[in-house]
Amino acid sequence: MERIVIVGGGYAGFTAARELEKHLRRELRRGDVELVLVDPRPYMTYQPFLPEVLAGSVEARHAAVAHRSHLRRTRLVDGSVTRVDHAHRVVRVRPPSGEEYALAYDTVVVTAGAVTRVFPVPGVGEHAIGMKHVEEAVAIRDQLLTSFDRAASMPAGPERERLLTATFVGGGFSGVEGFAELLSLAHDLLRVYPEIDASELHFHLVERNDRILPEVTERPGRWVVRQLERRGAHVHLGSGLESAEGGVVTLSTGESFPSGLLVWTAGNAANPVVATHTDLPVDARGYVVVRPDLRVGTDDAPVDDAWSAGDGAAVPDLAVPRPGALTVPNAQHAVRQGRRLARNLVAARRGRATRPYVHGSLGVVATLGLGSGIFQYRRLVVRGPLAWLMHRGYHVLAIPTWERKVRVLAVWLTAGLFGRDVVSLTSVQRPRAAFVAAAPSGSAEAPRTETNAVVETGREDALIRVSEGHGTVVR
């Protein structure tokens, strides 16, 4: 039996698996081919919806597409790939429990994606939260809601000011969208928190470059800055984060302020599995080198039975008339690359010609909070409510499966009628707390885990989401 192993179940991996199930239906049914997907998470995260999950406009579960619900002919392996050894045709898999083991394959598809790029800034590891996964977006939302609850019942002073201060580091699409959505949520919360005035909110967006949203041209980028500042935000351009020790943000400009919420969105980096734990060819940044048809290698040095796509691959961008141009890491490319990869893999198995991946950008669109957005396609720029509607329309069509489309639409319609849900569920991070508190002394002692240790010191707002091998890794 031929075994095809897919490393990573994100956009590219999930799409490739669905497409392979479709085109290899007969082989899978006969048992001639086994399709295996290895991922530590049982779902694919639709990351463009994370800013709206953060703001409560999309339910957290609706931004996640379950592998088992939609990959019926694929064997799903729960675990993290720690190494791809193509010379011996094996991947090393570390399961949640038990010993690491080798999984043999005939063909490998590397779609491990990228991880959050974290710089060694003092205090970031202790206080920052990323925004690459659903649980991180939920934690940011819950932390803001909890801060409002606490601030509303305390007098004016340094602690109240700290609780009502949020800082985002990184002015790319992820950072700007998340920042704008959280700012929009905070202003909506003022309607139900009469104890808090809009002047008490301090939202800071920190970007080391002299502009935000590098994917759009300079003029629309300046418009976004003006829109955020008009809503009370502080946008620090040409400024880097020097320290976050003790929950105090210190910028390279010398400015310093305490911040109750620190969100890190300063770009992506190559997945360590791809960058340093494989014998497949990688470029200087640690991304898998692929040919235009998404086979690993180059025309001069091809690698048999290895394919790669998505954010962790250096895919030539044939739609850009510039030598050496690579596709940008976004969902628009990853989904289409996963589809093209699967079709080319099947064509190669059957002795047919493969086709290069070519996709011209459909433009870029970003949400800037409820009712506001920006869209740019070449010289065409759309701003405001129309761009916001275009953002919602595009992404509800782009998210995989009709079931998810319907669920997201239903939440949007409900929110349109009744407004945002403003309930904080921070306590779900400690599900046994109430039981332990109610139990007789000594009969139900809570195990002293890392999370308990954080809560016991009173630093509930410093929870760090750790996902080894798939997202932010903070050690």
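## A hairpin and selected salt bridges

Strands β7 and β8 form a hairpin with six residues between them, and Gly-98 in the turn has a positive phi of about 95°; strands here are DSSP runs of E with at least two residues, numbered from the N terminus. This is a predicted model, in which local features need pLDDT of at least 70 and side-chain atom pairs count only at pLDDT 80 or more, while totals for chains, interfaces and linings use all residues. Residues are numbered from 1 along each chain as its sequence is written, and side-chain values use heavy atoms, with hydrogens and water left out.

Strand β7 (residues 90–94) pairs with β8 (residues 101–104) in the antiparallel sense over four bridges, where pairing requires that DSSP finds at least two bridges between two strands. Within this pair, Val-90 stands opposite Ala-104 in β8.

The whole structure holds 21 salt bridges, each defined as a side-chain nitrogen of Lys or Arg within 4 Å of a carboxyl oxygen of Asp or Glu. Three of them are listed here.

| Salt bridge | Closest N and O atoms |
|---|---|
| Arg-75 and Glu-34 | 2.7 Å |
| Arg-89 and Asp-305 | 3.1 Å |
| Asp-188 and Arg-191 | 3.4 Å |
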